[in-house]
Amino acid sequence: MEITRNGSQASSLGGPENFTGHARRDPIHTSAAPSRLAAGYVTFDPGARTTWHTHPVGQLLIITAGAGRVGTWGGAVEEVKAGDVVWFAPEEKHWHGAGPDTGMTHIAVTEMEDGSAVDWLEPVTDDQFLGR
Ligand code: MN
């Protein structure tokens, strides 16, 4: 058993290569092999979002605070709120973020494959973020 105490892991800012706007990452847990599990909070300020990206074996999001948006390539922009749960299938191109005027926090649960949990792609444009 391993207990990670609250306050023992440093926060970090999402870099401009992977995020538009201000996003803070707060790690929850990364397991040692043979587990492939990684989980962390991401808190997005209004207007902030990830770039487009994929996950090799999918990703689970649990919205824990606020209201935000998620989008898939070729799909509609969906509004999500605290308590909603989102599953992205393996290799499904997508983004996640805040709303235009509201912040959003989610827990992201991701499994690694060959040491990678995400493949980052191009930024989400304002038109894509606003669904127009
Ligand atoms: Mn994702």
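Analyst: Let us begin with the words for accessibility: buried means under 20% relative accessible area, exposed means over 50%, and partly exposed covers what lies in between. Please keep in mind that this is a predicted model. Isoleucine 3, which is found in the segment before strand 1 (12-13), has 49% relative accessibility and therefore counts as partly exposed.

User: What makes serine 35 partly exposed, and where does serine 35 lie?

Analyst: Serine 35 has 32% relative accessibility, and because this value falls between 20% and 50%, serine 35 counts as partly exposed. Its place is in the loop between strand 3 and strand 4. The C-alpha atoms of serine 35 and methionine 112 are separated by 8.9 Å, although the two residues are 77 residues apart along the chain.

User: Is arginine 49 buried or exposed, and how do you know?

Analyst: The relative accessible area of arginine 49 is 4%, which is under 20%, so arginine 49 is buried. This residue is found in strand 5 (residues 49-50), and its C-alpha atom is 5.7 Å from that of phenylalanine 19, which is 30 residues away along the chain.

User: Why is the contact between aspartate 26 and arginine 24 called a salt bridge?

Analyst: The term asks for a side-chain nitrogen of Lys or Arg within 4 Å of a carboxyl oxygen of Asp or Glu. In this pair the closest N and O atoms are 2.8 Å apart, so the contact between aspartate 26 and arginine 24 meets the definition. The two partners fall into separate accessibility classes: aspartate 26, at 16%, counts as buried, while arginine 24, at 34%, counts as partly exposed.

User: How do you know that arginine 69 and glutamate 79 also form a salt bridge, and which strands hold them?

Analyst: Their side chains meet at 3.6 Å, N to O, and because that is within 4 Å, the pair of arginine 69 and glutamate 79 is a salt bridge. The pair links distant parts of the chain, with arginine 69 in strand 7 (residues 59-72) and glutamate 79 in strand 8 (residues 77-81), ten residues apart. Arginine 69 is buried, since its relative accessible area is 12%, whereas glutamate 79 counts as exposed at 57% relative accessibility.

User: What makes the salt bridge of glutamate 122 and lysine 93 a tie between separate parts of the sequence?

Analyst: The side chains of glutamate 122 and lysine 93 meet at 3.0 Å, N to O. Glutamate 122 lies in the loop between strand 12 (119-120) and helix 1 (126-130), and lysine 93 lies in the loop between strand 9 and strand 10, so the pair ties together parts that are 29 residues apart in sequence. Glutamate 122 is partly exposed, with a relative accessible area of 33%. The structure holds five salt bridges, and the pairs discussed here are among them.

User: Which residues gather in a patch of negative charge, and how do the accessibility values of glutamate 91 and aspartate 114 compare with the cut-off?

Analyst: Glu91, Glu113, Asp114 and Asp119 gather in this patch on the surface. A residue of a patch needs over 30% relative accessible area. Glutamate 91 has 47% and aspartate 114 has 82%, so both values pass that cut-off. Glutamate 91 is found in the loop between strand 9 (85-88) and strand 10 (94-98), while aspartate 114 lies in the loop between strand 11 (104-111) and strand 12. Phi is positive in each of these residues, near 70° for glutamate 91 and near 55° for aspartate 114.

User: Why are His53, His55, Gln59, His94 and His96 called donors of the manganese ion?

Analyst: Donors are N, O and S atoms within 2.8 Å of this metal. The NE2 atoms of His53, His55, His94 and His96 and the OE1 atom of Gln59 lie 2.1 to 2.2 Å from the manganese ion, so they count as donors. Their spacing in sequence is H-x1-H-x3-Q-x34-H-x1-H, and both histidine 53 and histidine 55 are buried.

Methods
Residues are numbered from 1 along each chain as its sequence is written. This is a predicted model: local features need pLDDT of at least 70, side-chain atom pairs count only at pLDDT 80 or more; totals for chains, interfaces and linings use all residues. Side-chain values use heavy atoms; hydrogens and water are left out. Patches are made of residues with over 30% relative accessible area and no salt bridge: like charges are joined within 9 Å, nonpolar side chains (Val, Leu, Ile, Met, Phe, Trp, Tyr) within 5 Å. Accessible areas come from the Shrake-Rupley method with a 1.4 Å probe; for residues, only the protein chains shown count as cover. Lys and Arg count as positive and Asp and Glu as negative; His and the chain ends are not counted. The place of a charge is taken as NZ of Lys, CZ of Arg, CG of Asp or CD of Glu. Helices (H or I, at least four residues) and strands (E, at least two) are DSSP runs, numbered from the N terminus. Buried means under 20% relative accessible area, exposed over 50%, partly exposed in between (1.4 Å probe, protein chains only). Donors are N, O and S atoms within 2.8 Å of the metal (3.2 Å for Na, K and Ca); water is not among the atoms, so sites may look incomplete.
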